[in-house]
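Hi,

Here is the structure I promised you. Please open it first, then read my notes below.

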Amino acid sequence: QVQLVESGGGLVHPGGSLRLSCAASGTLFSDKTMGWYRQAPGKQREFVAYITISANAVYADSVKGRFTISRDNAKNTVYLQMNSLQPEDTAVYYCNAVTSRVPWGRGTQVTVSS
């Protein structure tokens, strides 16, 4: 069965950094465009970034220049390096395939607060 396990979240001060990881199991990861999404309290889940199998990346305007998505196909893992974090980045972060999505994981909580 397909599983997505996100990790690396936490509490960080404004301007701080975090690196999120998403490990995929039970699926053929290496042929999928993978994305990160986030859901803030009271809001709908929104797109953050995606990375193609050839490692081309696209970012939401709100995170461009601050976040970097990467992938390690040998480890079935996708990463999100988040720098210059701001309170508006507070959300639960999820990963999934951009198309042919599998069941969502539990996500990882990112809280940016002074």
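Is F47 buried, exposed or partly exposed? F47 counts as partly exposed, at 31% relative accessibility. (Buried means under 20% relative accessible area, exposed over 50%, and partly exposed in between, with a 1.4 Å probe and protein chains only.)

Some ground rules. This is a predicted model, where local features need pLDDT of at least 70, side-chain atom pairs count only at pLDDT 80 or more, and totals for chains, interfaces and linings use all residues. Residues are numbered from 1 along each chain as its sequence is written, and side-chain values use heavy atoms, without hydrogens and water.

Now the rings. The whole structure holds four aromatic pairs. (Rings of Phe, Tyr and Trp, the last by its six-membered ring, pair if their centres lie within 6.5 Å; planes under 30 degrees apart are stacked, over 60 edge-to-face, the rest tilted.) One of them is Y37 with F47, edge-to-face, 6.2 Å centre to centre and 70 degrees between the planes. Y37 lies in strand β4 and F47 in strand β5, so the pair ties together parts ten residues apart in sequence. (Strands are DSSP runs of E, at least two residues, numbered from the N terminus.) Y37 is buried, at 6%.

Y37 also pairs edge-to-face with W104: 5.4 Å centre to centre, 85 degrees between the planes. W104 sits in the loop between β9 and β10, 67 residues from Y37. W104 is partly exposed, at 30%. Y37, F47, Y50, Y94 and W104 form one aromatic cluster.

Best wishes

Definitions and conventions
Helix = DSSP H or I, 4+ residues; strand = E, 2+ residues; numbered from the N terminus.
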